Amino acid sequence: MNRDSTNLPFQLLQTHRQRIESRDAARAGSRLQSTLSSTARWFGWLIVLLAATHANRPLTGAVDTWAHAAIGRWIWQHGQVPQQSLFLWGAEPIRWIAHSWGSQWWFYALMRTLGPHSVIAFSVLVVAAVFALLWREWAQRSTPGTFAVVIFTLAVWCSAPRFHPRPELFTALFLTLLLLFLTRRTEATSIARDWKQSTLKAAPPLLIMFVVWANVHGAVALGLMLLAMTIVCDSVQDRLDGRARALVLLGVACAAATLLNPYGAELWQALRSVKSDTFKVIDEWKPPWVARPLAWEYMVGEAVLVLAALFAWWNGGQRRWAQLAWLLFASASFLSARRNLWVLAIVCLVVMAANATALESERWWRWWRSRTQKHDAVLAGQPIPDTLRTLARVGALTCVVMAIAQGTPSDWWQLRAVSQRAPVQLVRFVRATKLHGRFFNDYEFSSYWQWAFAGRPPLFIDLLNAYPDSLMDDYFAVCAQNKRGRQILQRVEIVMLRPSRPHEAIYRLQKFLDGKPQQWARVYRRLDGTIWVRRNAKYRRLWKTLTPRAQSSMPRSKGRTR
């Protein structure tokens with residue numbers, strides 16, 4: 001009998017076993033992929049919840065939402081955009097281009113219809129939408145693992161200081177949409193019919209976005225700069241092929257779309273104020289390491305995000321020059337102005353999402369096993385053990401839950417829309433006593449006072465910075481009580497300041513006013529601020545009856561600076 005025919009049953013049995021093993025392996029791989037996808041979806045919802053909790057914060061007296069809503073109310077009432085500075089007596093009105101007029105109108109519309117809660121809800125929705133879009137982009141290229149969860153948690157935490165209801169929200173959303181469009185465009189097929197159709201399909205919404213962007217925030221210039229960088233890099237890298245030429249035309253159209261605003265081409269003159277002396281003394285426009293520096297944790301977090309994005313870009317296989325240019329530009333923007341830390345986090349996440357396969361845990365697990373198990377191909381090819389995978393998920397889950405707990409206020413169940421430290425009671429006092437005259441106010445709380453008073457009475461200064469540099473110089477001169485400051489203070493009848501600490505500029509002014517009881521009388525003092533009036537006949541009814549009460553109205557507590 002033939003030997004091959006004798007071994008035939010054994011060969012058939014072995015083939016059958018191999019088929020069963022391959023089928024079981026395929027089923028196990030399918031179950032694993034299903035489990036990973038399900039876990040990624042749950043982690044995605046947790047990331048959205050994390051972003052929402054950090055964005056859900058009461059409005060303080062210092063947030064500029066109030067000032068923007070006050071300008072929006074003026075636009076609503078007058079049916080036109082401002083042409084000069086408003087609500088101030090400290091300097092003569094100057095030509096003012098309200099580049100954020102659209103968002104100002106929108107914030108007032110929310111305030112007018114549903115109150116401050118609606119403004120906070122809008123902020124939460126936009127912030128959550130930004131990170132939901134970025135997580136979805138990552139998930140479309142690769143199943144997000146524990147590394148993605150940790151990176152998104154870090155990005156949300158680093159960006160949280162910018163989660164305020166202000167025009168910057170629109171820039172964060174539109175910047176995310178723009179970068180996602182540019183990323184997907186480079187992955188489109190090179191067939192002329194396909195990329196032409198995709199470009200024509202994307203052009204109308206992109207143009208509409210730039211029209212809206214130009215009317216809600218001046219940072220539309222940031223979008224145009226990133227678009228211009230992409231045009232230059234892609235034209236060189238792709239040798240000005242059809243897709244690059246189409247992007248050039250689209251970029252020109254987007255730049256032209258920004259001219260559809262009430263100011264026309266004059267809108268771009270608003271960018272000149274960024275280089276003014278006034279902006280040089282505003283903390284958010286300073287580098288992160290100078291003058292009351294940004295917390296080092298945020299700087300380290302941003303550095304980690306940049307390094308992770310560079311690692312993904314280098315190992316992703318595409319190495320698009322435009323993505324590298326985005327990272328370098330966003331990093332330089334953050335180093336020049338700390339307010340750009342959210343922009344840098346968005347750019348880093350977009351680059352990592354575009355190269356998500358380079359960050360897959362399975363890929364680097366196989367790479368490590370191939371280095372440590374060179375002589376055993378079976379062990380080198382084994383997937384990540386279930387125990388190790390479970391430990392990683394638990395660690396990532398713990399990281400997200402702790403971040404959510406950190407971002408949740410202790411009194412969250414009260415659903416407070418306005419902070420207890422906002423000067424609400426102070427405004428009521430001014431209205432109840434019909435206090436009028438020339439106010440000198442501090443810079444920080446001017447936002448709420450501008451909303452509350454609407455120019456009646458006008459303020460000395462506000463934080464919209466729509467005034468000449470000399471007004472900011474005068475403000476600090478009054479706080480320092482130098483010769484120029486004392487001269488300006490002679491024209492002031494009422495001083496209204498927020499609580500301060502010894503290192504702040506207005507603290508010296510507070511000590512000066514308290515040290516001149518023959519000239520100034522304190523008539524209001526609570527946790528939301530202090531008011532002094534001149535001790536003259538005009539305010540006699542106040543300082544005669546309210547001064548003793550004001551001296552003792554500030555509650556005492558251990559460790560509080562008096």
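Trainee: Where is the place of Phe-87 in the chain?

Mentor: This is a predicted model, so what follows rests on computed values. Phe-87 has a phi near 70°, which is a positive value in a residue other than glycine, and with a relative accessible area of 15% Phe-87 counts as buried. The place of Phe-87 is in the loop between helix H3 (65–78) and helix H4 (101–114).

Trainee: How many helices and strands make up the secondary structure of the chain?

Mentor: The chain has 562 residues, of which 50% count as buried. Among its contacts with a separation of 6 or more, 74% join residues 24 or more positions apart. The secondary structure comes to 24 helices and four strands.

Trainee: Is helix H13 roughly parallel or roughly antiparallel to helix H14?

Mentor: Two packed helices are described by the angle between their axes and the distance between the axes. For H13 (residues 321–336) and H14 (residues 341–354), the axes come within 9 Å and cross at roughly 160°. Since angles over 145 degrees count as roughly antiparallel, H13 is therefore, relative to H14, roughly antiparallel.

Trainee: What is the make-up, by class, of the contact of H13 with H14?

Mentor: On the H13 side the residues are Gln-323, Trp-326, Leu-327, Ala-330, Ser-331 and Phe-334, and they meet Leu-341, Leu-344, Val-347, Cys-348, Val-350, Val-351 and Ala-354 of H14. Counted by class, this contact of H13 with H14 has no charged residues, two polar ones and eleven nonpolar ones.

Trainee: Is the crossing in which helix H9 passes H13 left-handed or right-handed?

Mentor: The axes of H9 (residues 220–237) and H13 come within 8 Å and cross at roughly 145°. The H13 residues in this contact are Trp-321, Ala-322, Ala-325, Trp-326 and Phe-329, which meet H9 residues including Leu-222, Met-225, Leu-226 and Met-229; by class the contact has eleven nonpolar, two polar and one charged residues. Whereas H13 passes H14 in a left-handed crossing, the crossing in which H9 passes H13 is right-handed.

Trainee: Which residues is Asn-355 in contact with, leaving aside its neighbours within four places in sequence?

Mentor: Asn-355 has its place in the loop between H14 and H15, and with a relative accessible area of 0% Asn-355 is buried. Leaving aside neighbours within four places in sequence, the residues in contact with Asn-355 are Ala-312, Trp-313, Gly-316, Gln-318 and Gln-323.

Trainee: How far apart in space are Thr-357 and Gly-316, C-alpha to C-alpha?

Mentor: Thr-357 lies in the loop between H14 and helix H15 (361–372), and at 33% relative accessibility Thr-357 counts as partly exposed. Not counting residues up to four places away in sequence, Thr-357 touches Arg-141, Ser-142, Gly-316 and Arg-363. Although Thr-357 and Gly-316 are 41 residues apart in sequence, their C-alpha to C-alpha distance is 6.5 Å.

Trainee: Why do the buried residues of helix H18 line one face of the helix?

Mentor: In H18 (residues 424–432), the residues Leu-426, Val-427, Phe-429 and Val-430 are buried. The buried residues of H18 pack against strand S1 (439–441), helix H19 (446–453), strand S2 (494–497), strand S3 (520–526) and strand S4 (529–534), while the face turned away from the buried side carries the exposed residues Arg-428, Arg-431 and Ala-432. The buried residues line one face because, seen down the axis of H18, they fall within an arc of 155°.

Trainee: Is the peptide bond from Arg-456 to Pro-457 cis or trans?

Mentor: Most residues other than glycine have a negative phi, and most peptide bonds are trans. Pro-457 lies in the loop between H19 and H20, which is also the place of Asn-465, a residue with a positive phi of about 60°. For the peptide bond from Arg-456 to Pro-457, omega is near 5°, and the bond is cis.

Trainee: How many charged residues does the contact of helix H20 with helix H22 have?

Mentor: The axes of H20 (residues 469–480) and H22 (residues 505–514) come within 7 Å and cross at roughly 45°, which makes H20 oblique to H22. The contact is made by Tyr-475, Phe-476, Val-478, Cys-479 and Ala-480 of H20 together with Ala-505, Ile-506, Arg-508 and Leu-509 of H22. By class these divide into eight nonpolar, no polar and, as charged residues, one.

Terms used:
Residues numbered from 1 in each chain as written. Predicted model: local features only at pLDDT ≥ 70, side-chain atom pairs only at ≥ 80, totals over all residues. Heavy atoms only, no water. Axes fitted to C-alpha atoms, helices over the stretch in contact; angles between N-to-C directions. Helix = DSSP H or I, 4+ residues; strand = E, 2+ residues; numbered from the N terminus. Parallel < 35°, antiparallel > 145°, perpendicular 65-115°, else oblique. Left-handed = near helix turned anticlockwise from the far one by under 90°. Contact = heavy atoms within 4.5 Å. Nonpolar A, V, L, I, M, F, W, Y, C, P; charged D, E, K, R; others polar. Buried < 20%, exposed > 50% of the residue type's maximum accessible area, 1.4 Å probe, protein only. Arc of directions from axis to C-beta.
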